[in-house]
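Please open the model in a viewer and keep the selection panel at hand. The tour moves from helix pairs to a surface patch and then to a salt bridge.

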Amino acid sequence: MLGQREGAGALARIGVVLAGLALAGGGGDANAQEPDPLGGLVAEALRNNPGLEAEWYAEQRVAAGVRQARARLLPQLRLESRYSEQRGALNLGEFVNPAYAALNELTGTSRFPTDLEITLPQRHESRLRLTQPVLDPASWANHAAAVHRSAAERAARRGFARRLAAQVQSAYLAAASARSVVRIYEATLARVRESERVAQRRVEAGESTPAVLFRARADRSEVEQRLMEARVEAASAVRELNRLVGRPLEAPLDLVPDSAFLRALPVSREAAVQHALARREELARLDAAAEAADAGARAASAAFLPRLAVALDYGVQGRELRFDGETDFLVGSVILSWSPFNGGGNAARLDAARAEAARLRAQRREIAGKVRVEVLRAYDAAAVARAALGAAEDRLAAARSAYALVSRRYEEGVASQVELIDARTALTAAELNRSLTLYRYATRYIELERAAALRAIETRRMP
């Protein structure tokens, strides 16, 4: 039995050395095909997470603003119809009717009507107006601003998706780590129960005092308590993961082999920084927002320029509510509007837009500096966590060998119970440390992946 355990420890150390050699090869291309053990879980979260769905609807709201701004550049068709009852309105018939009466008297005929009623405006008027902007710099600039605002909102949604991907992976690692702790305490409970059985046998044989049995029972009770606490923590971690993924809270968790997380750092230190500066959504959002502010400045400047449009009107008008060929009309117009001065309002808008663009670019430089620091911190933390893997495996192998020796000597009556408990405690601590070290490295890897924007985020259209 001892030989098997020592052989297993040697194989574990060899595995760590091989993994270390693979990890030492880190620093390749960020686009290289790396194993992605949690890719399916991330994809499921990106499909089902309600927070990401809310971000998608926010993006759609801003995208509708782009269509609204574009509509101002396209032809507009409008129908207007009016019928009015008039009192005291100017009636041109009062001036024409006497003249027509005089003409009838002079000619001795009744050719000219003398009961005309011509009021302005006409009682009824219905028209269709088709207008098309020809020269409208302000609307062009407003459309460009809306496009950039949409790009900023799209970057914000992708940034949310990137953070969600990191949260889901970290939540899985927390759940897997908690499950690992449960397994370790279950194995430890089997050991202390065996120790209790040996103590019971030795007390019954008169080889030990009852105090040895009581100490063994106390040791077992302590491990049972730790196991119950670990199971509660594991269940809570699984529920949090299921919440993020959009699953039922009590859905079972499929574990990924621990070996899947022994991955090399995908890029070098400086390459991680450059990748983050080129791909982080926070920077893309600020770039788009600054472009939108520039477009807003152009719109404010365009307010000083004239606007030109063409219009075509077709309708009917007259004293009665009639639609026929005798009362229709067709009018074509060229419309020029210009407001060179409005009390300084346009100049104030221009100054505000320019200040906003300058503010956003200054903020972008500040965020870029923070991103650089964040990536370097994440990279260094991942490198340190990676280096600790070998030491954790060596510690575990040594603790297993020590426990095997002390356990055999205790069964033979050579080692004391204190030595056995100390060896068991050291073995449990080494197992917990190895699990913690592995999952710490996996977590640091994910933090680096998020900080350097290494994961390709594919966000599909939400339902």
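**Helix pairs**

Select helix H9 (residues 345-411) together with H10: the two pack at an angle of about 160°, with their axes 7 Å apart. Helix H9 is therefore roughly antiparallel to H10, a term for angles over 145 degrees. Helices here are DSSP runs of H or I with at least four residues, strands are runs of E with at least two, and both are numbered from the N terminus. Axes are lines fitted to C-alpha atoms, for helices over the stretch in contact, and angles run from 0 to 180 degrees between N-to-C directions.

This is a predicted model, in which local features need pLDDT of at least 70 and side-chain atom pairs count only at pLDDT 80 or more, while totals for chains, interfaces and linings use all residues. Residues are numbered from 1 along each chain as its sequence is written, and side-chain values use heavy atoms, leaving out hydrogens and water.

Stay with this pair: H9 passes H10 in a left-handed crossing, meaning that the near helix is turned anticlockwise from the far one by less than a right angle. By class, their contact holds 26 nonpolar, four polar and 14 charged residues. Nonpolar covers Ala, Val, Leu, Ile, Met, Phe, Trp, Tyr, Cys and Pro; charged covers Asp, Glu, Lys and Arg; the others, Gly among them, are polar.

Return to H10 (residues 417-451) and select helix H5 (residues 137-204): their axes come within 10 Å and cross at roughly 170°. That makes H5 roughly antiparallel to H10. The contact of H5 with H10 has 13 nonpolar, nine polar and six charged residues.

**Strands and surface**

Now show Leu77, Leu79, Leu128, Leu130, Leu312, Tyr314 and Leu330, which form a nonpolar patch on the surface with about 730 Å² of accessible area together. Such a patch joins nonpolar side chains (Val, Leu, Ile, Met, Phe, Trp, Tyr) within 5 Å, from residues with over 30% relative accessible area and no salt bridge; areas come from the Shrake-Rupley method with a 1.4 Å probe, only the protein chains shown counting as cover for residues. Strands S1 (76-83), S2 (124-135) and S3 (307-318) each give two or more residues to the patch.

Finally, select arginine 127 and aspartate 313, whose side chains meet in a salt bridge (3.6 Å, N to O). The pair links strand S2 to strand S3, 186 residues apart. A salt bridge requires a side-chain nitrogen of Lys or Arg within 4 Å of a carboxyl oxygen of Asp or Glu, and the count comes to 35.

Technical notes:
Angles under 35 degrees count as roughly parallel, over 145 as roughly antiparallel, 65 to 115 as roughly perpendicular and the rest as oblique. Patches are made of residues with over 30% relative accessible area and no salt bridge: like charges are joined within 9 Å, nonpolar side chains (Val, Leu, Ile, Met, Phe, Trp, Tyr) within 5 Å.
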